[in-house]
Amino acid sequence: MAAASATKTAPLASGKGGEEPKAARKRAPVWDADRIKVSEAVWGAGEVGPVAKKFLPPLLPTLALDPAMTAIEIGSGLGSLSCKMHLNSGVYTIGFESDPVLLEKAKESALHWGLGRKTKFHALNLRKPEFESIRKKSIHCVVMHSTVTQVANISKVFDVLSDLLAPGARLLLTDYFVSDDRGDVRALKKWTGLQPGPTFMITVTEFKEILINLGFEIHVDEDLTDPFRNYVRGAWEEFLKGVAEGAYPLDELGPALLESTRWMAGTRSLKVGGLQFRRVSATLRN
């Protein structure tokens with residue numbers, strides 16, 4: 001399998017060489033109980049965003065998963081998608097999550113639903129990616145979301161991952177990318193600056209080059225920017241409607257205001273800042 005080529009990253013919210021600036025290192029944890037509560041109020045129980053509920057499920061049937069297979073999810077959040085994948089197809093699922101708070105919640109959820117033997121969750125250090133307890137060439141499917149933007153060099157993650165994939169393994173991914181012309185840089189920096197951790201951007205052309213060099217055949221590359229932006233805005237409008245009707249405590253709106261500011265900056269950058277939301281599906285050639 002060919003080695004992944006180096007990707008050109010734009011560390012818009014980090015220091016030189018992909019290192020976190022001092023200000024970023026002093027930030028509060030990315031996830032806490034307040035942020036999780038707000039996210040579930042907006043996106044639904046077990047969800048920290050709209051992707052695992054709305055934008056990945058439509059293509060899950062194309063993966064043709066079955067109980068003899070093993071699938072991994074990178075960026076598993078609260079674990080809802082990994083659990084659904086097993087419940088819908090019987091596939092053995094392993095979720096990897098870099099945030100310790102989300103990871104513990106995902107483990108608790110799997111135990112609550114009696115899936116502890118068929119759905120596992122492990123920590124993942126995105127700077128030094130190691131996929132715990134995975135044998136070489138044993139993975140039949142990889143689902144990823146909200147991961148590309150968290151890694152200074154996404155090609156490094158795929159380089160490690162490539163040794164674990166069986167011939168014909170499928171990849172399904174959704175994430176943010178930047179257009180070649182970059183758009184309004186100020187809008188993009190506003191969004192990245194509001195994220196709890198460093199944010200790294202590459203173009204979809206650069207990302208597809210990584211996949212091709214690893215031997216993937218790309219079947220789907222969809223620009224879902226407009227439907228994603230509209231869905232996000234609609235979800236927050238519904239949340240605010242619920243607040244007005246007393247469905248959410250007014251004295252707990254502080255974390256909700258911060259979270260909504262992040263998402264609204266994202267919808268602005270999706271409109272004018274050269275930010276794109278895309279869905280990619282590919283198969284590793286035998």
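1. A disulfide is a pair of cysteine sulfur atoms within 2.5 Å. By that criterion, a search of the whole structure finds zero disulfides. The model is predicted, so local features need pLDDT of at least 70 and side-chain atom pairs count only at pLDDT 80 or more, while totals for chains, interfaces and linings use all residues. Residues are numbered from 1 along each chain as its sequence is written, and side-chain values use heavy atoms, with hydrogens and water left out.

2. A residue is called buried under 20% relative accessible area, exposed over 50% and partly exposed in between, with a 1.4 Å probe and protein chains only. Cys83 is buried at a relative accessible area of 7%, and Cys141 is buried at 1%.

3. Leu173 belongs to strand S6 (residues 165-178). Helices (H or I, at least four residues) and strands (E, at least two) are DSSP runs, numbered from the N terminus. The relative accessible area of Leu173 is 0%, so this residue is buried.

4. Which residues does Leu173 contact, leaving aside neighbours within four places in sequence? They are Leu56, Met144, Val148, Phe207, Arg278, Arg279 and Val280, where contact means heavy atoms within 4.5 Å. Leu56 is 117 residues from Leu173 along the chain, yet their C-alpha atoms are separated by 7.7 Å.

5. The whole structure contains 15 aromatic pairs. Rings of Phe, Tyr and Trp (its six-membered ring) pair if their centres lie within 6.5 Å; planes under 30 degrees apart count as stacked, over 60 as edge-to-face and the rest as tilted. Trp43 and Trp236 form an edge-to-face pair, because their ring centres are 6.4 Å apart and their planes stand at 90°. Trp43 is in helix H2 (residues 33-43) and Trp236 in helix H9 (residues 225-244), so the pair ties together parts 193 residues apart in sequence. Both Trp43 and Trp236 are buried.

6. Why is the pair of Tyr176 and Phe277 edge-to-face? The ring centres of Tyr176 and Phe277 are 5.8 Å apart and the planes are at 70°, so the pair receives that label. Tyr176 in strand S6 and Phe277 in strand S9 (residues 275-284) are 101 residues apart, and both residues are buried.

7. Ring pairs link a cluster whose members include Trp43, Tyr176, Trp236, Tyr248 and Phe277. The charged end of Lys37 sits over the ring of Tyr248, 5.7 Å from its centre. A charge sits over a ring if NZ of Lys or CZ of Arg is within 6 Å of the ring centre and within 35 degrees of the ring normal. Arg35 likewise lies over the face of Trp31, 3.8 Å from the ring centre.
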